[in-house]
Amino acid sequence: MVLFIVSVFRIIFAVSSKRILILGMGYVGLSAALGFAHMGHHVVGVDKDIAKINKLNSLEPIIFENGLQELLKKHLLQTKNISFTTIDKAFDGKFDAIFVCVGTPQKENGEPDLSYIKIAYEQLAEYMGSDYNLIVTKSTVPPKSYQQFANIIKVKNKQANFDIAANPEFLRESNAIYDFLHPSRIIIGTNNKKSEDILRQIYQPLTDSGYRLINMQIIDAELAKYAANSFLAGKITFINELSHLCEQIGADIDIVSASMGLDERIGSKFLKAGPGYGGSCFPKDTKALYSYASAEGVKLDFLKAIMETNKNHINQIIEKLGYFFSQIVKEDMPIGVLGLAFKAGTDDIRESSAIKIIQHFVALGYNFVVFDPAAMNSAKQVLNDKVNFVNSVHDLLLKCETILIATEWQEFKDIDWQAVKSKYNTKAIADIRNITDINILKSTKYSYYCLGKAMMINED
Ligand code: UGA
């Protein structure tokens, strides 16, 4: 954590400062706002939620993100490069660029819901005068959406003088600030030189530091975001699917994965078997790309298989856990769950496998004691009185003989399971993140179920 903050602050930018307006203070908007402020630009962040704006202005945390509070404090109070307000107070038509970062959640049919972004464009149309404005969509939107957004402005405001561009983000929750300031690539989609030049100037502090900016058509930039998320979802899904074969034949998925990852053409990242991809992005974006392509008359069969396999994978894990628990858990004895967030480093439980698993087994009458270093409050909203929340690993181990490791927090990776065995009554471990050392589980005679490894049930 400390190292991370040091590396963010180490970057010192010499910049010709731009005025930037950002619409939407969610995790993309706020991370981008702070990132731009840190690059030396003057940023105004707006949101329709006044409570959120008030919290930001009084430095109250609104999202759980590494390094975010430190940057907020620095740029709100010291450099004063950032301010937060509502659009009616902020808009003066003199911004070098306006970034639209509002949410594009999923509709029931899998399509992205563009209603919030359309409202944002309508609002901009209302405020725009004759000054030139570059409006940049950072939200994840289907290809060609920019044409709809341009039409919204043209219909509402005949005199508006503007260009539209796309600049998708590749930020990971929990690493959003770091990723913004250390991008794998900066993608900009523009349809003229003027927009390209403005965006190049805005990102100059990063490109001067060696980060790569690629300019392309807007449609390519829009698709590039969906393509990246869908491909990563596929990579994870492949290794997850293979883990079932490993269990069946007695191979070890971690060893197979590590050896695959050494091939540079494959790469080791996103090749770690887990309980299926979750969170707010991969499940939503894979569905959105599939439904977009179908509407265009193109069937993306591989993508469809990825989505179905991801769903089957968690169902198979639930089935295997069901067998494991049935052999291990004595009547009414609680199962201890370590981790509730969809991944480590966040308090986000959207599409969290831990939550799905708990809900499934609670319905079957199992009892649970749960702990997560960050996601307890979010989990209480959905699990409320159905499980027993405790405040530490120690409290959980005191109460439970069977443990399910569901999120890969460092705190859980650091547990010495050999020492646990002699101190508590822990007998069985189901590790669906594969963060425990299987050799220690074997030598200390735990019953265990790890992904992609043969299950072990001890009789005693
Ligand atoms: C993802 C992308 O990684 C970001 O580049 C993108 O900007 C973001 O979506 C977005 O579209 O906003 P995020 O959803 O924060 O970021 O989470 P990831 O770290 O990508 O993890 C996604 C899921 O895959 C999690 O459930 C995680 O546990 C799982 N995963 C990841 C694995 O099971 N194995 C792996 O090796 C890696």
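**Cavities and a helix pair**

Analyst: This is a predicted model. In it, the second largest cavity is lined by Ile328, Val329, Lys330, Met333, Pro334, Glu401 and Thr402.

User: What is the volume of the second largest cavity?

Analyst: The volume of the second largest cavity is about 30 Å³.

User: And which classes of residue make up the lining of the second largest cavity?

Analyst: Four residues are nonpolar, one is polar and two are charged.

User: How many cavities of 30 Å³ or more does the whole structure have?

Analyst: The search finds two cavities of 30 Å³ or more. The largest cavity holds about 50 Å³ of space.

User: Which residues line the largest cavity?

Analyst: The lining consists of Thr137, Ser139, Thr140, Val141, Ala166, Asn167, Pro168, Ala221, Glu222 and Lys225. By class, four of these are nonpolar, four polar and two charged.

User: Which helix gives the most to that lining?

Analyst: Helix H11, residues 218-249, gives the most, with three residues.

User: Let us change topic. At what angle do helices H6 and H7 pack?

Analyst: H6 (residues 115-127) and H7 (residues 145-156) pack at an angle of about 35°, and their axes are 9 Å apart. The crossing of H6 past H7 is right-handed.

User: Which residues meet there?

Analyst: From H6, Ile117, Lys118, Tyr121, Glu122, Ala125 and Glu126 meet Gln148, Phe149, Ile152, Ile153 and Lys156 of H7. This contact has six nonpolar, one polar and four charged residues.

Conventions
Residues numbered from 1 in each chain as written. Predicted model: local features only at pLDDT ≥ 70, side-chain atom pairs only at ≥ 80, totals over all residues. Heavy atoms only, no water. 1 Å grid on protein atoms, 1.4 Å probe; cavity = no way out; pocket = protein on both sides within 12 Å on 5 of 7 lines; lining within 4 Å. Points joined across faces, edges and corners; volume = space filled by probe spheres on them. Helix = DSSP H or I, 4+ residues; strand = E, 2+ residues; numbered from the N terminus. Nonpolar A, V, L, I, M, F, W, Y, C, P; charged D, E, K, R; others polar. Axes fitted to C-alpha atoms, helices over the stretch in contact; angles between N-to-C directions. Left-handed = near helix turned anticlockwise from the far one by under 90°. Contact = heavy atoms within 4.5 Å.
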